[in-house]
Each structure stands twice: as structure tokens, then as C-alpha cells.
Amino acid sequence: MREMFDADPARFDKFTLQLDCLLLDYSKNIISEETLALLLNLARQSKLEDWIARMFNGEKINASEQRATLHTALRAPDNASIYADGKNVMPDVVRVRNQMRRFSEAVRNGALRGHTGKPFRDVVNIGIGGSALGPLMVSEALKPYASTQLSAHFVSNVDATDLAETLKRLDPETTLFIISSKTFTTQETLTNAHSARAWLVQHIGAEEAVAKHFVAVSTNLAETSKFGINPDNVFEFWDWVGGRYSLWSAIGLPIALSIGMDNFENMLAGAHVMDQHFREAPLEKNMPVMLGMLGIWYTNFCGADSNAVLPYDQYLQHFPAYLQQLEMESNGKRVDRQGQAVDYATQMVVWGEPGTNGQHSFYQLLHQGTRLIPADFLAPLVSHNPLGEHHAMLLANCFAQTEALMLGKTAEEARAELVAQGLSGAALESLLPYKVFPGNRPTNTLLFDRLDPHALGMLVALYEHKTFVQSVVWNINAFDQWGVEFGKQLAGQLLPELQGRLSGKSHDASTQGLINHSLVRRQRA
């Protein structure tokens, strides 16, 4: 890459894309113009443009579940017409949006109160997977826009500690619970929901309080009613919305409660800008296509097996975890659309932490480790917290890391530095190998003016579409997740044994040994 930049002073201009407030610099990648042309030819051979049209047109591209994938409809304008199974879905989308607005405004302005007449001060979202990660990530990312009168909390782990530590800090009279489960049968979510219900009833002393303090995002009205939730406070979403693509739907209710519906809709609008770009821009000028194909390049041609996501913004601390689900659950597949095992690598492992913290932990591996790890750096140009020189220092670190990863440091450069420090002879030669950096480590840099709802909507939609691009080239279905089900199925079978209600089922020696050990030690404890 050093030589490429030296040979072509216009490399940055050639290898950057800008859309609205978002700039993508992909010039620090191990690519030439010929590489890009070949990658885009691969995308065309995979019929990427046809697949994009099919997704937006509501075709059932999730073939294993016979479903359309229309999360893009959730952020379309009210007057759009988008069809699934011959029905325009937009009237239902708009109806639920309006329901979210009415409810969130009533809670925020105090018109809607708890059982004892006190206004709500805390909202607890109980869900798991896409019903938790998306709302958590966005609520943290947009904290500068959050109500000062209403705090958002997120419980997802069936480990009782998650719920117990959350409830310790809350007043039941001013706490609102959102149960997010499409079927209202998800084991982890319903376990937490019933424990939260018992806590509320115990402290308030009235079963009728449930109807005032619990709402649901679900399609199962029978079960939500049995739980005690008012049917007017059940928010619908549809089977063409996958869990990890659902924060734009009523699953985003805790976001709307936190930042207000106007800001929530600004986020939808930002995502819609990226949707239109993805749908209409030519492949060579298309941000999601470029990110996706670079991932293909490193996965399938350069042997990379992980991708670091490094946001230089503390508010984006949950963004890498959100992308882990989005990308790894979508494209962590070994069978293609025809049901045949693939003989090539698919999804890279996604991981990361905010800078500058990561610089003092795992960046050592990025700079001098033996693995090729492409990395995405994300940073706002303006901080919500302009304090002294903090933000200039943050950006300096962000830009310096991408430069250092690209340039590296040669033995000659390291030797000159050591000589300047007064070292010579055996001492210099002994230290020299440790001071050499191979460089040529690829990065993308994504800059946006500030982390506001519009920019965040664009960012999330960008990575959604990047994930879809890669699934098309790998010929896999990005919208099912059968691998999630198997472990849950076995857990359901094991539970009665760990409760001591059933025994005698045949397991492998390890699993049976763990069960036996647990039963004995837990009884003693």
C-alpha cells in the first residue's frame, strides 16, 4: 500500500465514497483498480443487482422459511407502496408507527401513568437477541437525545443476575416493562417477564397493576392477554421482519420512549437514505457493495478470518456487539441456497471495542500479530461533549492508527530511530526486530458529521446491506438462523433433569457427568 500511495497521489479521491453526512475511505486496502473491477465482476456474476431488486420488491428471498425480507419497508415514507404476498404493507407499518407515537408521547408527557398514579421514570425492555441488542445499541448511541425524565434498561440474559441487578435500582410504582417476543413463547424472555411480573405484583400488591405497567411487542394476543397485558398496549410486527433487522419496527419502542418519536423517525429517514442509495447507485459507487466486496476479498482471497470494528465514539460501545449478531447470525452458514455444503469460507468473526481503549489492549495484535485482520474505524467529526482537546486527540488517534497499520515501520526506519535515541552495537541489533512493523494492514474509515439519529440510521442500514451483499456472493440465505434453534431445543430437554424432575435420559458421558455433578453440588450449596 505504501507503494500504491506513492505511485498515485489521487488514490484517496479514487477510493472514497460520500453519501449525505457519511464518508467512506477505503483507500487503505490491499487493492488496485484492477482488483476492484474483478470484485465487481464477481458481484455481477452473482446477479447482485437482481437480488437487490428482489429484496426491495418483497419476493420471498428467505427461501427456507418462505418469507419476504422487508425491513426496508419499516423506514420507508408513509406514502410509499411496498407489497408482500400481493398486499401493500405500508398501511400496517404506518398504523403501528402512529400507535408507537401516541403511546411514547403519553408516557413521556406523563399522561399515561402507573397503577398508583405516578409518572413512569424507568423503562425495562425484556427481550433477547434482536429484540434486545438493537434497542440497547441505539439507546446508548443516542443517549444525548434521551429524556432526562425517563431511563431505559435492558434485560436479556436468563441469568437471574441480569434481572435482579436491574430491579434493585427501580421503584415498581414508576417502572414500565416492555416484553418483546413475537410469539410470546421465547423461553428466556418469558422467564424474565414472569419474574418481573411477580416482583411488580408483590411490591404494589395488586394483580391489576400488570395492565398498567406491562406492554408487549408481539403477535400472540392470546398469550399477552393471559399474561395480563391490555390488548391496546400490544404492538404488532410481521414475519417479514427478522429479529436482527427489527429495531426499526415496534421492537424499537424503548428507543422511541427514550429519544422521542421525532428522533426515532429521523433515524428511520437516515436508514431510508442508505436504502435508496443501495437500490439505485451503480455498483462501483455503492457503499454497501464496496464494503461487502472488500469483505469477500479478505475472506475468500486473502485468508482473513476476523474483522475488527473500532468505533472512536464511546456512545457506540455496543455497536460491535450489535454487528456480531447482524453479520454472524446472518452469514454464519455452511449450506448454500440449494441445500449443499459450501467448500469456501463464509462469515468472518466480528469483534471490537471503542478506541482509544482498544489501543492499549488488542491493537498490538493488529499491528504486529501474525494474522491479517481488516478493520473498520468509525468516528464523528463533532463531539456531543466538546471538552478541551479531547475530541481532537480522539481523531488524531483514529487517523494515526489507520496510517500506522498501512505504513508499518521498516527495519531501516526503526534503525534510524534507535540511533537517534543513542543506541548502537549489540544493544541496537537486539532491540531492532521488536521495533519493526510489517504494515500493509487494511482498514476502512467511516466518518460522519456527528452521531445523531440520521447518521446512526445510515450506519446501521449500511452494515445491513453489506451483510446482504456478501450473502448473495456466497449464495447463502442471510435471513434464517436455524443454528440458533438446536441448542435451545436441547436446553429444553435438559431443564427437567437439572430441576430433578426427570432422569434416565441418555447423554454422552461428558454431558451426563456435568448434570450429575451439578445436581450434587447445587444440593450441597
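Biologist: Is phenylalanine 15 buried or exposed?

Modeller: This is a predicted model, in which local features need pLDDT of at least 70, side-chain atom pairs count only at pLDDT 80 or more, and totals for chains, interfaces and linings use all residues. Residues are numbered from 1 along each chain as its sequence is written, and side-chain values use heavy atoms, with hydrogens and water left out. Buried means under 20% relative accessible area, exposed over 50% and partly exposed in between, with a 1.4 Å probe and protein chains only. Since its relative accessibility is 5%, phenylalanine 15 counts as buried.

Biologist: How many aromatic pairs are there?

Modeller: Rings of Phe, Tyr and Trp (its six-membered ring) pair if their centres lie within 6.5 Å; planes under 30 degrees apart count as stacked, over 60 as edge-to-face and the rest as tilted. By this rule, the number of aromatic pairs is 17.

Biologist: What is the geometry of the pair formed by phenylalanine 56 and phenylalanine 278?

Modeller: Phenylalanine 56 is buried at a relative accessible area of 8%, and phenylalanine 278 is buried at 1%. Their ring centres are 6.4 Å apart and their planes lie at 50°, so the pair is tilted.

Biologist: Which residues form one aromatic cluster with Phe56 and Phe278?

Modeller: Phe56 and Phe278 belong to one aromatic cluster.

Biologist: Which charged ends sit over the ring of tryptophan 51?

Modeller: A charge sits over a ring if NZ of Lys or CZ of Arg is within 6 Å of the ring centre and within 35 degrees of the ring normal. Over tryptophan 51 sit the charged ends, at 4.3 Å from the ring centre, of arginine 54 and, at 3.8 Å, of arginine 337.
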